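The sequence and structure are shown first.

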Amino acid sequence: MSTFADVRKAAWDTETTGPNPLEDRIVTAAFIVRGGGRDDRVFSWLINPGIPIPAEASEVHGITDAMVQADGQDPKTALDEIATNLVRAIEWGMPVVAFNQSFDWSILHHDLVRNGLPTVEERVGLAPLPLIDPHVIDKQVDKYVKGSGQRKLKPTCERYSIELTDWHTAEADALAALLIAEAQFERYPRLAEMGPAQLFAAQQSWRAQQQAGLQEWFRTRATPEQGGDPDKVIDGSWPLIPAQRGGES
């Protein structure tokens with residue numbers, strides 16, 4: 001019987017002009033196909049977003065205005081290729097992995113709409129979405145990780161004994177997400193007992209619960225410095241604090 005590590009699967013990641021999926025743009029993306037007894041395939045894109053890249057974003061992913069102006073693809077061409085690869089993987093029934101999938105999925109959705117292109121949902125119709133988010137799964141299976149920022153990609157890799165030398169490139173982050181997912185399926189066999197549709201529905205439910213818990217924490221526990229109510233009294237005890245970065249919360 002094949003394991004999750006054995007099957008052919010895809011992983012993807014984006015780096016962007018900022019953390020707002022409604023307004024920011026993709027500047028680089030990667031799509032990796034791995035497993036199934038075949039060679040890995042890696043696709044990557046450098047995109048000219050048509051707007052300035054803030055310095056703080058460049059400090060994270062290393063992509064500058066000069067780079068995208070010199071070598072960046074037209075966004076309409078690149079975004080259509082990214083969506084085409086995602087659709088092909090979904091139609092072939094491959095698991096599609098991304099760390100904090102909702103961010104990458106949302107920013108791609110709005111970038112496609114902005115450029116007059118059909119969204120991924122419009123392209124696949126009502127087909128089940130075999131999406132896997134190791135970030136959501138990690139919060140569900142290990143609810144008591146202590147410390148601010150410990151749910152980000154790098155510390156999550158460390159908790160699953162995954163070592164990478166490169167960070168904050170789309171290729172490295174996509175590979176990291178895929179390796180975390182492989183480790184999760186090995187550590188928690190019940191994940192493999194779910195079919196793609198069942199697992200997708202479970203992740204939707206888990207994420208809704210996690211977001212509700214986060215909002216409750218902001219309303220009742222966060223300090224003003226953390227975005228909480230400045231008039232609220234804090235009693236000194238601290239629950240788990242999920243981080244807030246869009247692609248690596």
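**The helix across the sheet**

Helix α4 (residues 101–114) lies across β1, β2, β4 (96–97) and β5, and runs at about 70° to β1. Contact here means heavy atoms within 4.5 Å, and the axes are lines fitted to C-alpha atoms, for helices over the stretch in contact, with angles running from 0 to 180 degrees between N-to-C directions. Helices (H or I, at least four residues) and strands (E, at least two) are DSSP runs numbered from the N terminus.

This is a predicted model, in which local features need pLDDT of at least 70 and side-chain atom pairs count only at pLDDT 80 or more, while totals for chains, interfaces and linings use all residues. Residues are numbered from 1 along each chain as its sequence is written, and side-chain values use heavy atoms, with hydrogens and water left out.

**The five-stranded sheet**

The open sheet has five strands in the order β3-β2-β1-β4-β5, with mixed pairing, where two strands pair if DSSP finds at least two bridges between them. Because β3 and β5 (131–132) stand at the edges with a single partner strand each, one side of each is left without a neighbour in the sheet.

Strands β1 and β2 pair in the antiparallel sense over eight bridges, and Ala10 has Val33 of β2 as its bridge partner. Strands β2 and β3 also run antiparallel, joined by six bridges, with Val42 in β3 as the bridge partner of Ile32. These two strands, β2 and β3, form a hairpin with six residues between them, and Gly35 in the turn has a positive phi of about 95°.

**Aromatic pairs**

Rings of Phe, Tyr and Trp (its six-membered ring) pair if their centres lie within 6.5 Å, planes under 30 degrees apart counting as stacked, over 60 as edge-to-face and the rest as tilted; by this rule there are two aromatic pairs. Phe4 and Phe185 form a stacked pair, 4.0 Å centre to centre with 10° between the planes. Since Phe4 lies in the segment before β1 (9–16) and Phe185 in helix α8 (residues 170–187), the pair ties together parts that are 181 residues apart in sequence. Phe4 is buried, with a relative accessible area of 10%, and Phe185 is buried with a relative accessible area of 10% (buried means under 20%, exposed over 50%, partly exposed in between, with a 1.4 Å probe and protein chains only).

The rings of Phe31 and Phe43 have centres 6.3 Å apart and planes at 50°, so this pair is tilted. Phe31 lies in strand β2 (residues 26–34) and Phe43 in strand β3 (residues 41–46), so the pair ties together parts twelve residues apart in sequence.
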